[in-house]
Amino acid sequence: MILDRDLNLEQFISVVRHGEQVELSAAARERIARARTVIEQIVEGDTPIYGVNTGFGKFENVQIDRSQLAQLQHNLIVSHAIGMGEPLPAEVVRGMLLLRAQSLSLGHSGVRVEVVERLLALLNADALPVVPSQGSVGASGDLAPLAHLALGLIGLGDIEYQGQVRPAADVLAELGLSPVQLQAKEGLALINGTQLMGSLLALALHDAQVLLGTANLAAAMTVEARYGSHRPFQPDVVGLRPHPGAVAVAAELREFLAGSEIAPSHLTGDGKVQDAYSLRAVPQVHGATWDAVSQAARVLAVEFASVTDNPLIFPETGEVVSGGNFHGQPLAVTIDALKVAVAELGSISERRTEQLLNPTLSGLPAFLTPNGGLNSGFMIAQYTSAALVSENKVLAHPASVDSIPTSANQEDHVSMGAHAARQLRQIVANVQTVLSIELLCAAQGLDFQQLRAGRGVQAAYEYVRTFVPTLTEDRYFRPDLLRLRGELVSGELLRVAQAADTQAPAPAKLPDSGDEDRDTTSRH
């Protein structure tokens, strides 16, 4: 990939998860060099410019002698690398390297080209500085985590390379790289930014997009297993309250359910007047998540194209401006909203699982086992789902409403966006498991059906049955859950269902509002 002004989520994932190599474009090199010229001119003069020839934070009024400017930047990195906690996952660190290089390449930071090239050299070699997960307050950016990232460039700290954590200097030597000797402004440019928050958000957003489609599929499977009505998903119903997410979710539900033999089978003789909210309100609930995911994607697109350090360099005029682009609040608020939205996918999924397991609600065998009593079936699977949903309620509490001033009140409002981003990552992981439990139960529910489900649902059901057998008696089925969860996370299960929809003939016409069955517009 050629790194220039534009970076999208698909490219980000290709680099961070699939190892695509990255190089700077010629235009990016020119932009970086023009901004560096401004810094070099400042160094030759006596005008105090924050972070170039002054101290940092509360020490902003302390001017630094020209002979000590390189030491100033070195001291900044080593003093700020004081994070704690478990190391960040490799993919998060890869994302930080890529996003930091991207922001610096826009040409308003004042670093040398070789600094950006070194970030990309570590990324391309998959030589990843060890970055502790705790220590960021989200303004001035992710200071402590990014300082640990920068340690690797200057040959300090540790780097994980080829499965081993080793001293950074040793890894650089093996790669034929010398430690970077930071010059004026470069240390500050490396650590002032939102790249921890951005990397975590980008990864979680990608996974949430897959999760949302799979949640729609899981809901459709449960609707079929539960003899649920398709009528609430029709365009005329959803169109009376046409939030974009609700419209999109309803359309996908209709695709998954098209061609169902189950729906026509209970047009008569079904005593239910209406389904539970967790079935008939899927477009509205999942749709709200769809809208939140869409908003997060818009915010992330802006962030990918942003300069987030301080001060900012304007090569055209030579102006250097102290601003607030490093502040994490735009991401923090977005992440907090996405936390709630993704958690709700788990909340409603757990209720659909209950709809499948409870014989009073489902009309299916209790806990979906044909020989209850001797066997417990999926009883405890619902416990696990409930536990994770409840854990998400704590994680979804907004981090961005908190702020503790730092640097002797110079930095008197911070975003806590890194907290929110780490919580979001855990929420996504929890919901992936919750939905996998629903899918296991829905597949078991479909085993009791004698008719074929809608094409997308049927394809997903048959695919699940290629690696998870029907539960006829109790067994250790955590491995089944883990395998199904892997298919969910990879997106393969969703692709199977969507492929069945695109290859199918036109769906059969569903009953309209005039049919005398329980699927009538009078249901409320």
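**Entry 1: Lys185**

I began with the surroundings of Lys185 and, setting aside neighbours within four places in sequence, I found Lys185 in contact with Ile39, Gly51, Val52, Gln73, Ser109, Asp309, Asn310 and Pro311. I note that the model is a predicted one. I located Lys185 in the loop between helix H7 (168–174) and helix H8 (186–191). I then looked up its accessibility: Lys185 has a relative accessibility of 0%, so I recorded it as buried, the cut-off being under 20%. I next examined the side chain and found that a polar contact of 2.9 Å joins Lys185 to the side chain of Asp309.

**Entry 2: aromatic pairs**

I turned to the aromatic rings and counted four aromatic pairs in the structure. One of these is Phe378 with Phe477, a tilted pair with 5.1 Å from centre to centre and 50° between the planes. I recorded both Phe378 and Phe477 as buried.

I also looked up Tyr463 and Phe467, whose ring centres are 5.4 Å apart.

**Entry 3: Phe467**

I stayed with Phe467 and asked what lies over the face of its ring. I found Arg483 there, at 4.3 Å from the ring centre. Phe467 has 14% relative accessibility and therefore counts as buried.

Conventions: Residues numbered from 1 in each chain as written. Predicted model: local features only at pLDDT ≥ 70, side-chain atom pairs only at ≥ 80, totals over all residues. Heavy atoms only, no water. Phe/Tyr/Trp six-rings, centres within 6.5 Å; stacked < 30°, edge-to-face > 60°. Buried < 20%, exposed > 50% of the residue type's maximum accessible area, 1.4 Å probe, protein only. Lys NZ or Arg CZ within 6 Å of the ring centre and 35° of its normal. Helix = DSSP H or I, 4+ residues; strand = E, 2+ residues; numbered from the N terminus. Polar contact = N/O pair within 3.5 Å; in protein donor to acceptor, adjacent residues only side chain to side chain. Contact = heavy atoms within 4.5 Å.
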